[in-house]
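Hi everyone, thanks for coming. Please have a look at the model on the screen, and then I'll walk you through a few places in it.

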Amino acid sequence: MRDGTPTLIRLEDYVAPIYWIRTVELSFDLDPAKTLVTSKMQIQRNAAVPHGPLRLHGEELTLLRVLINGESVSFRQEGHELIIEGAPDADFTLEIRNTCAPEKNTALSGLYTSGGGFFTQCEAEGFRRITYFLDRPDVMAVYTVTLRADQAKYPVLLSNGNLLETGELDNGRHFAKWHDPFPKPSYLFALVAADLVSREQRIRTRAGKDHLLQVYVRRGDLEKTEHAMNSLIASVVWDEARFGLPLDLERFMVVGVSDFNMGAMENKGLNIFNTSALLASAATATDADFHRIESIVAHEYFHNWTGNRVTCRDWFQLSLKEGLTVFRDQEFSQDMAAAPSARAVCRIQDVRALRSGQFPEDAGAMAHPVRPDSYVEINNFYTATVYNKGAEVVRMYQTLVGRAGFEAGMKLYFERHDGQAVTCDDFAAAMADANPGSALATRLEAFKRWYVQAGTPRVQARGSYDAETQTYTLTLRQTLPDTPGQTHKQAQVIPVAMGLLGADGQALPLQLQGEAAAQGSERVLVLEQLEQSFVFVNVASAPVPSLLRGFSAPVLLDDGLSDTELLMLLQHDADAFNRWEAGQRLALARIIGAVRAGAALQLDAAFIQAMRAVLRHAELDPAFKALALTLPDEAYIAEQLAAAGHSVDPQAIHAAVEAAHIQLADALHEDWAWAFDAHQVRGGYQPTPQQAGQRALSNQALSMLVLHATRSGTTVWPGRAYQRFKDASNMTDRLGALSALVNAHAELAVPALERFHAQFRHEPLVVDKWFALQGRAAEVDGKTFARVKQLTQHPDFTLKNPNRARSLIFSLCMFNPAAFHRSDAAGYVFWAEQVLQLDAINPQVAGRLARVMDRWNVLAQPYRDAAREAIARVAAKPELSNDVREIIERALA
Ligand code: ARG
Ligand code: ZN
């Protein structure tokens, strides 16, 4: 925060707390302008560490009084600390009274108001904005909470745990008293006081216990909570079935709020959700929204064990809960998808997100290990590395010890650590100890380098076949790129799932030299040296290797395969992920070739024919086809160029991708027309993978058809798209048709956008889509950029609501490279203005926007100098938050 001194917090400086807070009784007299907080804590000295003063955290609070054992005590305030030197040795009671101002809290951290209600967000360090406390995750207390508020305005009063008592008070106020029996760190505290209604469901779990599930939302949103409730029930069932982890509370509540800094928060028994991650109806939400809601509801629910029952010792261990919980929600989504093809689609989507979000982070100014070793502002480290690369690390444990071994490791982890605040090392030890002699246990220390070394490892694979001896030698080499503050890294443990394909595409049996017989046709090689060779024997003919199946490690792979070999994998690989990957590699090679040659991209007949074959394939899943026909993300292409030492010209990349896009639209015109007609969903809307796949492919086809038509000046397909836009019975198809028109800059896009806004202006989440669609629209002659600037003046636009800010500003700056990176630098100037404006309102969201410039360093000229200048302009402002300052200083370092 602005008035705190920015200090670098380091993992190596961790010391256990000098005091424990065992229980806390909190009471709130809720008032938007001035809320009175009373906190009564039972405190115990930690005998294991040297004595010292009691230092409590507090920010933006007005302190009214401090009592120890009922007597006033001397204290001082220094920065964001309240320091008491004379605390007694024996257990004591500390009572504090303070006020805070929820309606002024635009940072949305701590206690704030939204839509006329009170809500909290305490992770990571928001609790100290409510009252003075030992606001660190290794201090776990039992909470009893009394809420008092105006009954008419705030009829619903919620906090963690079980409801003990409610009643009326004078002056139209009422109260509710809650008790949470589970000791928890302050970041898991929550309260809600608002005018809400709830969907309720009683369930009986396998263990035979009854539970009440509730989803609280504003009046009018109740019919949009069915999907969230279903997802919650499915999550409860899944965690019990897969990991033997039951729901431990009689009552589990989920609350939606429309002003929220992230997706959702796993507060014990009282999860608070961004409405965008909770509310869905066929009319207002897309298939992607339904899928996202299912996975976030699951994620927060799964945190109840991986995060809450076992939590983090300190914030450097964040991936202990986040990486593990993302892994669990990914596994859940795959199990929900059920069909093997739908599981592969889930995996492809997760890998796409990793590559376009995490790979650039791991190569840029903010690169940090899965367990960072220092930070200024912890909110800046809720990153793709901690979450998504962290999940890949957890997935590698499972790959190394097997599914049953992983489940045994989880069991041991909970046996050892239930109720504790622990470290990533504790998790690793449980996994290894539960699987003695395994591929993990025998190289645990080396494996743990994944937590310590930043950067995406690069793996080069080269094979050579010897016809005479019928052997195939596969040589794998790894290189670990330097990252800020880290050079000369040690080899990492990289599981490479693989198979070999014979001449006509059949899977070959795999027998390594020294083995008595072949062991199936797929196996996991463990690369742990900088270079290692694996010799396969009894290989009848030169094979094509299929490596890193299912994306078995988060690395950049160079397998040196030829087009012919990739085409063969695209057709025949038994691993659906690698089939998709082969198609992506073919596309990538063409795009990168054109960018590097500085020439216009011209797709060859072989590639187009391969794409046609995928599109027309008789057995492939429509969802898979849609992904296979989607070109690689521009951010990922940029990373490929940067990794090969080339500077990045976002306009050249975009031009090549656009050319490929247009040529696929033109060359496959008839195939797209067929695909559109052949994948219409009959019957009512269901957000199932089957229906979603059909819609994904038909909407992709429609956008290709409209693109082709607007370029060739024909009107049939734009007309059909407009009709479909008007008549669609669900948001996926409506938005699909609208974006086909908008991205092709068809004339009909203008009336369609107007109509859409008029129709949905009372649905904030749909208005967000309206802004986002325009912010992400394909750039032509600066039109998109100009439109976005104009939209910042739209009456519905505001930076105060994070969803709205993201919908327009982030869409442009983060997801629309061609509109953002302009040779006149206007995109960067716009970015700097928005970062500064946002920073005065909400540092966390501003910090995230600041991250857009992470990779300025690899940009080609004139972008590079212009970007640096814009960053320097932000850096020159004295009033920056710690959040933005840390990002900006790292960028300039
Ligand atoms: N723990 C939350 C989750 O489930 C996210 C909290 C993010 N907090 C923050 N300050 N960015 O992922
Ligand atoms: Zn999480």
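N538 is partly exposed because 16 other C-beta atoms lie within 10 Å. Here, buried means 20 or more other C-beta atoms within 10 Å of a residue's own, exposed means 12 or fewer, and partly exposed is in between, with C-beta atoms placed from the backbone. You'll find N538 in the loop between strand 29 (531–536) and strand 30. Its phi is near 55°, a positive value in a residue other than glycine. When I say helix or strand, I mean DSSP runs, numbered from the N terminus: H or I of at least four residues for helices, E of at least two for strands.

A quick word on the ground rules. This is a predicted model, where local features need pLDDT of at least 70 and side-chain atom pairs count only at pLDDT 80 or more, while totals for chains, interfaces and linings use all residues. Residues are numbered from 1 along each chain as its sequence is written, and chains are lettered from A and ligands numbered from 1 in the order in which they are written.

Back to loops. L108 also has a positive phi, near 60°, and is a residue other than glycine. L108 sits in the loop between strand 9 (92–100) and strand 10 (110–114). Is L108 buried or exposed? L108 is buried, because 24 other C-beta atoms lie within 10 Å.

Now let's look at a stretch from the records. An unreviewed UniProt entry lists residues 455–558 as "domain: Peptidase M1 alanyl aminopeptidase Ig-like fold". UniProt positions are in the numbering used here, feature names are shortened, and annotations may be inferred rather than shown by experiment. In the model, this span of 455–558 is 0% helix and 42% strand, and its end C-alpha atoms lie 16 Å apart.

Let's zoom in on V496, which belongs to strand 27. V496 is buried, since 24 other C-beta atoms lie within 10 Å. What does V496 touch, not counting residues up to four places away in sequence? Its partners are L476, V524, L525, L527, L547, L548, S552 and A553. Contact means that the C-beta atoms of two residues, placed from the backbone, lie within 7 Å. Take L476: V496 and L476 are 20 residues apart in sequence, and their C-alpha atoms are 9.6 Å apart in space.

K489 is in the loop between strand 26 (471–479) and strand 27. With 18 other C-beta atoms within 10 Å, K489 is partly exposed. Leaving aside neighbours within four places in sequence, K489 is in contact with Q453 and L480. K489 and Q453 are 36 residues apart along the chain, with their C-alpha atoms separated by 7.1 Å.

Next, the ligand. Which residues surround ligand 1? They are E123, A124, M262, A264, M265, E266, H299, E300, H303, E322, N379 and Y382; to count as near, a residue needs its C-beta atom, placed from the backbone, within 6 Å of the molecule. Strand 20 (264–265) and helix 2 (287–303) each supply at least two residues of this shell, and helix 2 gives the most, with three. By class, the shell has five nonpolar, three polar and four charged residues. Nonpolar covers Ala, Val, Leu, Ile, Met, Phe, Trp, Tyr, Cys and Pro; charged covers Asp, Glu, Lys and Arg; the others, Gly among them, are polar. Two of the shell residues, E123 and A124, are joined by a cis peptide bond, with omega about -5°. A124 lies in the loop between strand 11 (117–121) and strand 12 (140–150).

Last stop: UniProt, again in an unreviewed entry, lists residues 563–893 as "domain: Peptidase M1 alanyl aminopeptidase C-terminal". That span is 72% helix and 0% strand, and its end C-alpha atoms lie 41 Å apart. In helix 9 (residues 563–572), the buried residues are L566, M568, L569 and L570. These pack against strand 27 (494–501), strand 30 (544–547), helix 10 (576–597) and helix 11 (605–616).

And one more cis bond to spot: the peptide bond from Q861 to P862, with omega near 5°. P862 lies in the loop between helix 25 (843–850) and helix 26 (863–875).
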